[in-house]
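Please keep the sequence and the model in view while reading.

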2 protein chains.
Amino acid sequence: MTQPERLSLGVAARLARYLQVLTQAKKEGKETISSQELSEWTHVNSTQIRRDLSGFGKFGKRGVGYNVDSLVSQIRKILRTAGQHNIALFGAGHLGRAIASSHIFADHGFRVVAIFDNDPAKVGTPVGNAIVRSVEELRAAVDEDDIVVGVLAVPGAAAQPLADALVAAGVKIIFNYSEALLQVPPEVTVHTSSPAVDLLYALYFYLT
Amino acid sequence: MTQPERLSLGVAARLARYLQVLTQAKKEGKETISSQELSEWTHVNSTQIRRDLSGFGKFGKRGVGYNVDSLVSQIRKILRTAGQHNIALFGAGHLGRAIASSHIFADHGFRVVAIFDNDPAKVGTPVGNAIVRSVEELRAAVDEDDIVVGVLAVPGAAAQPLADALVAAGVKIIFNYSEALLQVPPEVTVHTSSPAVDLLYALYFYLT
DNA sequence: TAGATTGTTAATCGATTAACAATC
DNA sequence: TAGATTGTTAATCGATTAACAATC
């Protein structure tokens, strides 16, 4: 139980990756998994997986592997993300609706508790488990629902004003699905989704 | 012009990241950019940016920075992804429609040339610039349209059979938006989109 | 010229991996 | 017991960064 003050960027990213695979393996009914199997799914070297995990305790059984269930809870504990985390979603278009109805966030303890859209015609209509609201209600929603993440599923031009509103309301993590480059204060983390960049990267290794 | 045989994983990933920021900066009318500015947008150390770039030529002007336009074409040349690349999209639901109508792929030279859906009711209807087709036509479409990437915007249960069909049709890059873990031959690259994993990662650094 | 920023060196740090004893 | 897989060491490799001369 050597819990260091803070994980390095690389370790934290890999642990989150293991969690994704383990969560899915659990769904598929798998009870144990070896570092070798995890390596095949994550493309992380198996020695490194064992090393990453053994830094926090002896989670595995020699000759058997790791118990999927217990490894999931151990990693959640290490990442301190075991609870529920509430999300505000912006944009009730196709992308917003896809996100609201997806299991991808829910599987990891994220819940879309509020949806906002600038279009008055959409305000009041249901999307997933929530009703679309006006952005003016953002600050109240953040306080009431303890929202820690804002997800922007809006056109590029609408992204910066919404980011500003989120910052003003005290949200510190923004997930940006638009192509806009967002300017935020240093204490706020922006993650810009970039599937095209990932594709360029994959394509390079395909072409060479 | 020291073009090494193959970029390391890290360099290729960073170059793709620079390209994303540069593409957007160009849209916003920016003509030159310094390594310091690029560093702020990408969170990559400015020394490393200069080092990454100087490995391929002297692209910058001391005291000025890099010309955005020319840097974009240089990086595209280095990544060998300067041309058009055709995509087959699977799933004409909310996510599929969002992808088909997004500029995110188009900005980087990717074009959705074919859309497939298992639902006979959707076959024949238009989505973006294409008409939804039956998956049976996949092989023909791959050959005719020179498709190099398959994007899966379908429920988890539908993903593996489609991956198999893509592999059988000779597609070597699969972009998976479902939560399923896909089994493919070693020569095929699967990129599984995992926004929730990225969020867990961001959340950890927020909580600590 | 003065100020800014590149290109590059040299030193450091952390990630990665092979190998293998321990042990289930 | 025999086979498999973990936990851990020790060595290597590549990524990262500070510093600064070159030069626009």
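At what angle do helix α1 (residues 9-27) of chain A and α2(A) pack? In this predicted model, the angle between α1(A) and α2(A) is about 100 degrees, and their axes lie 10 Å apart. Angles of 65 to 115 degrees count as roughly perpendicular, and therefore α1(A) is described as roughly perpendicular to α2(A). The points below begin with this pair of helices and then turn to the chain, the pairing of the chains and the DNA strands.

**The contact of α1(A) with α2(A)**

- On the α1(A) side, the residues that take part are R17(A), Y18(A) and V21(A).
- They meet L38(A), W41(A) and T42(A), which belong to α2(A).
- Sorted by class, this contact of α1(A) with α2(A) comprises four nonpolar residues, one polar residue and one charged residue.

**Chain A as a whole**

- Chain A contains nine helices and 10 strands.
- The C-alpha trace of chain A spans about 60 × 45 × 35 Å along its principal axes.
- Chain A has 208 residues, of which 42% count as buried.
- Among the contacts in chain A with a separation of 6 or more, 55% are between residues 24 or more positions apart.

**The enclosed helix α5(A)**

- Six of the eight residues of α5(A) are buried, so this helix is largely enclosed by the rest of the structure.
- The buried residues are L95(A), G96(A), R97(A), A98(A), I99(A) and A100(A).
- The cover over these buried residues includes four strands of chain A, namely β4 (85-90), β5 (110-116), β6 (126-127) and β8 (147-152).
- The cover also includes α5 (94-101) of chain B.

**How chains A and B are related**

- Chain A is superposed on chain B by a rotation of 180 degrees with 0.0 Å of shift along the axis, and the RMSD is 0.0 Å.
- The two copies are thus related as by a two-fold rotation axis.
- H94(A) is the residue of chain A that comes closest to the rotation axis, with its C-alpha at 2.3 Å.

**The contact between the chains**

- Chain A contributes 49 residues to the contact, and chain B contributes 49 residues.
- On the side of chain A that touches chain B, at least two residues each come from α1, α5 (94-101), α6 (103-106), β9 (173-176), β10 (189-192) and α9 (195-207).
- The greatest contribution to this side is that of α9(A), with 13 residues.
- By class, this side of chain A has 29 nonpolar, 12 polar and eight charged residues.
- The copies meet through the same surface, because 100% of the interface residues of chain A are also interface residues in chain B.

**The surface near DNA strand C**

- DNA strand C is surrounded by 26 residues, and the closest are S8(A), N45(A), G63(A), G60(B) and G63(B).
- At least two residues each come from α1 and α3 of chain A and from α2 (35-42), α3 and β3 (65-67) of chain B.
- α3(B) provides the largest share of this surface, five residues.
- The residues of the surface near DNA strand C comprise five nonpolar, 14 polar and seven charged.

**The surface near DNA strand D**

- Around DNA strand D there are 26 residues, of which G60(A), G63(A), S8(B), N45(B) and G63(B) come nearest.
- The classes near DNA strand D are five nonpolar, 14 polar and seven charged residues.

- Most residues other than glycine have a negative phi.
- R80(A), which is not a glycine, has a positive phi near 55 degrees.
- R80(A) lies in the loop between α4 (68-79) and β4 of chain A, and it counts as partly exposed because it has 15 C-beta neighbours inside 10 Å.
- H43(B) is likewise not a glycine and has a positive phi of about 60 degrees.
- H43(B) is placed in the loop between α2 and α3 of chain B, and it counts as exposed because it has 9 C-beta neighbours inside 10 Å.

Terms used: Residues numbered from 1 in each chain as written. Chains lettered and ligands numbered in written order. Predicted model: local features only at pLDDT ≥ 70, side-chain atom pairs only at ≥ 80, totals over all residues. Near = placed C-beta within 6 Å. Nonpolar A, V, L, I, M, F, W, Y, C, P; charged D, E, K, R; others polar. Axes fitted to C-alpha atoms, helices over the stretch in contact; angles between N-to-C directions. Parallel < 35°, antiparallel > 145°, perpendicular 65-115°, else oblique. Contact = placed C-beta atoms within 7 Å. Least-squares fit on C-alpha atoms with pLDDT ≥ 70 in both. Buried ≥ 20, exposed ≤ 12 C-beta atoms within 10 Å, placed from the backbone.
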